[in-house]
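Here is a short tour to read with the model open beside you. Take the topics in any order you like.

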Amino acid sequence: MKAKAQTKGLKTMTMEWNGDALILIDQRRLPFEEVYVTCADYRAVALAIKEMVVRGAPAIGAAAAFGYVLGAKEITRKTYNYEQAMMQLKNVKETLARTRPTAVNLFWALDRMERRAVEHGKFEGLVRALEEEALKIAIEDIETNKAIGRHGAQLLEDGFTVLTHCNAGALATVDYGTALGVLRAAKEQGKRIKVYADETRPYLQGARLTAWELMKDGFDVTVISDNMAGWVMKQGKINAVIVGADRIAANGDVANKIGTYMVAVLAKRHGIPFYVAAPTSTIDMSIKSGSEIPIEERSHEEVATCGGKRIVPNNVNIYNPAFDVTDNELVTAIITEKGIIYPPYEENLKKLFEEGK
């Protein structure tokens, strides 16, 4: 799809934009039911992001962009003044921004939408301009992921077995995926790639989503529980680890789904390369290190229950951070759409952004 796809809308595995609503596959119901949620206003989009109907940093960013468009549609039906519309759009942006604090793509996308509204500078055609921008964000995400895949595939040899954590595939993006995009690109090149997918407690994104995606694409995929990763590595079954990211600090520290840090430590212990696949929009150069990344804590019920049944005694304390931070020294390389970044990250990430200006 090229930029002129704005006249046709967008439809992928993860989301569909039909001009009046954002339709999302309900990832909470996978792999057993393919159910879709229709978001007809920005509040519904915000709720869908918060409740993980849609998840994954790039997908959250794109969904928020379309949520911003829905907010503009609602506002422009009630006012005919550009200044008033811009004031009300601030509330739309704040509502969407409050949903998931860790994923930097959310804020990147919303800032980009706000800049487009300011650049447009007038009431007439505002919604159209914003819709075009949201579609550009979505289409660019697909192109970006395919570029990440092409760069990352060169790190994988024919016959490799790769360990993944969480889901950084088509469902976590607009389409194709980041970490899983690397696997897809390697497979498209004719390489035989096997995959071990961590189940990723407590939300089971690996068991439910990664396994479902890879199975549909014909991969040889095996699900393991999170606490099996070290033993599988020790047995010599893993050639590389590839994960996604929700935010990368300027020094190369990586925030990703809880459990990623543990996998990185184990990979280091067993001499296995640990790769992070993410678009440059996930890199937050305003944050010096991972210690500055806000870590979302989610509902304790996610840990206390499994399949709707409580598995933890009542009145027991629960801690449920949704993400952890992997120190840069544990990261072998960061795969972006602009190429593969190696240590020293502070120097090379800065160079990456300076060259892009």
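Let's begin where 4 bridges tie strand S3 (residues 22-25) to S4, the two running antiparallel. Helices (H or I, at least four residues) and strands (E, at least two) are DSSP runs, numbered from the N terminus, and two strands count as paired if DSSP finds at least two bridges between them. This is a predicted model, in which local features need pLDDT of at least 70 and side-chain atom pairs count only at pLDDT 80 or more, while totals for chains, interfaces and linings use all residues. Residues are numbered from 1 along each chain as its sequence is written, and side-chain values use heavy atoms, with hydrogens and water left out.

**The antiparallel sheet**

- S3 and S4 belong to an open sheet of 4 strands, ordered S1-S2-S3-S4 with antiparallel pairing.
- Strand S1 (10-11) and strand S4 (36-39) are at the edges with a single partner strand each, so one side of each has no neighbour in the sheet.
- Helix H2 (residues 57-76) lies across S1, strand S2 (15-17), S3 and S4, and runs at about 25 degrees to S2. Such angles run from 0 to 180 degrees between N-to-C directions, with axes as lines fitted to C-alpha atoms, for helices over the stretch in contact.

**Ile23, a residue of S3**

- Ile23 has its place in strand S3.
- With a relative accessible area of 17%, Ile23 is buried. Buried means under 20% relative accessible area, exposed over 50%, and partly exposed in between (1.4 Å probe, protein chains only).
- Beyond its neighbours within four places in sequence, Ile23 is in contact (heavy atoms within 4.5 Å) with Thr14, Met15, Glu16, Asn18, Tyr36, Val37 and Thr38.
- Val104 is 81 residues from Ile23 along the chain, and their C-alpha atoms are separated by 22 Å.

**The mixed sheet**

- A further open sheet has 4 strands in the order S12-S9-S10-S15, and its pairing is mixed.
- Its edges are strand S12 (283-284) and strand S15 (323-326), each with a single partner strand, so one side of each is left without a neighbour in the sheet.
- Strand S9 (residues 247-249) runs parallel to S12, joined by 2 bridges, and Ala249 has Asp284 as its bridge partner in S12.
- Helix H9 (residues 260-269) packs on this sheet, where it touches strand S10 (254-257) and S15, and its direction makes about 30 degrees with that of S15.

**Strand S8 and Ile242**

- Strand S8 (residues 240-243) is covered on both faces: Ala240 and Ile242 are buried on one side, as are Val241 and Val243 on the other.
- In a regular strand, side chains alternate between the two faces of the sheet.
- S8 pairs in the parallel sense with strand S5 (residues 161-164) over 2 bridges, and Val162 stands opposite Ala240.
- S8 also runs parallel to strand S11 (residues 274-277), with 3 bridges joining them; here Val241 is opposite Phe274.
- Ile242 lies in S8 and is buried, with a relative accessible area of 1%.
- Not counting residues up to four places away in sequence, Ile242 touches Leu156, Val162, Leu163, Thr164, His165, Ala179, Val182, Leu183, Tyr275 and Ala277.

**Helix H5**

- The 28 residues of helix H5 (residues 126-153) should span 40 Å at 1.5 Å a residue, and its end C-alpha atoms are 41 Å apart, which agrees. The expected span is 1.5 Å times one less than the number of residues.
- H5 is mostly covered, with 20 of its 28 residues buried.

- On a 1 Å grid over the protein atoms alone, a cavity is a set of points where a 1.4 Å probe fits but cannot get out; a pocket is an open set with protein on both sides within 12 Å along at least five of seven lines, and lining residues have an atom within 4 Å of a point.
- Grid points are joined across faces, edges and corners, and a volume is the space filled by probe spheres set on the points.
- The whole structure holds 2 cavities of 30 Å³ or more, and the largest cavity has a volume of about 200 Å³.
- Of the 24 residues lining the largest cavity, Arg55, Gly56, Ala57, Asn167 and Asp246 are the closest to its centre.
- H2 provides the largest share of that cavity's lining, 3 residues.
- The largest pocket has a volume of about 340 Å³, and of its 23 lining residues the closest to its centre are Asn105, Trp108, Pro279, Thr280 and Ser281.
- Helix H4 (104-120), H2, H5 and S12 each supply at least two residues of the pocket's lining, and H4 gives the most, with 6 residues.
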